[in-house]
Amino acid sequence: MAQFLIVEARFYDHLNDMLIAGARAALEAAGHSVEVVTVPGALEVPGTIALADQTGRYEGYVAIGVVIRGETYHFEIVAGESARGIMALTMDGVAIGNGILTVENEAQAIVRADPAQKDKGGEAAKAALALYELRRRWG
């Protein structure tokens, strides 16, 4: 059994709750234990994963959050930089599933977050599990 950390940017509570439920279900179904830590926003997710990975306590991570396009350029910065940070850590061998939704509106987010629909939280957890297994195989 491995220890996974879900790092959530808790901005939209109802959407995050669905994403976390999907991620937790996938990780627990695979026989692993899960902790959740909350950060202010999506930009803080990669840094938090980097800090947590330095502890050696976790074998994998799931990034959770929702970024909804607004009227300013801020959406592009948050969406792009959080994804870039997560990808940089992944390229360094950290097993991360990216479940940060970047959507146009809340309706799109609901469809993607809901475990009974697209279950992007569960998909992100499955991606983290796949990378974890590859690291074990090749580590």
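A residue is called buried here when its relative accessible area is under 20%, exposed when over 50%, and partly exposed in between (1.4 Å probe, protein chains only). The model is predicted, so local features need pLDDT of at least 70 and side-chain atom pairs count only at pLDDT 80 or more, while totals for chains, interfaces and linings use all residues. Residues are numbered from 1 along each chain as its sequence is written, and side-chain values use heavy atoms, with hydrogens and water left out.

Strand 3 runs parallel to strand 1 (residues 3–9), joined to it by 5 bridges (pairing requires at least two DSSP bridges); L5 has Y61 as its bridge partner. Another 8 bridges link strand 3 to strand 4 (residues 96–103), also in parallel, with I64 partnered by G99. From strand 3 the chain passes through helix 3 (residues 74–91) to strand 4 in a right-handed β-α-β crossover (clockwise from the first strand over the helix to the second, with the strands pointing away from the viewer).

Turning to a loop, D114 sits between helix 4 (106–113) and helix 5 (120–138). D114 is buried yet has no salt bridge, and the nearest side chain of opposite charge, R112, is 12 Å away. A salt bridge needs a side-chain nitrogen of Lys or Arg within 4 Å of a carboxyl oxygen of Asp or Glu; Lys and Arg count as positive, Asp and Glu as negative, and His and the chain ends are not counted.

Key:
Helix = DSSP H or I, 4+ residues; strand = E, 2+ residues; numbered from the N terminus.
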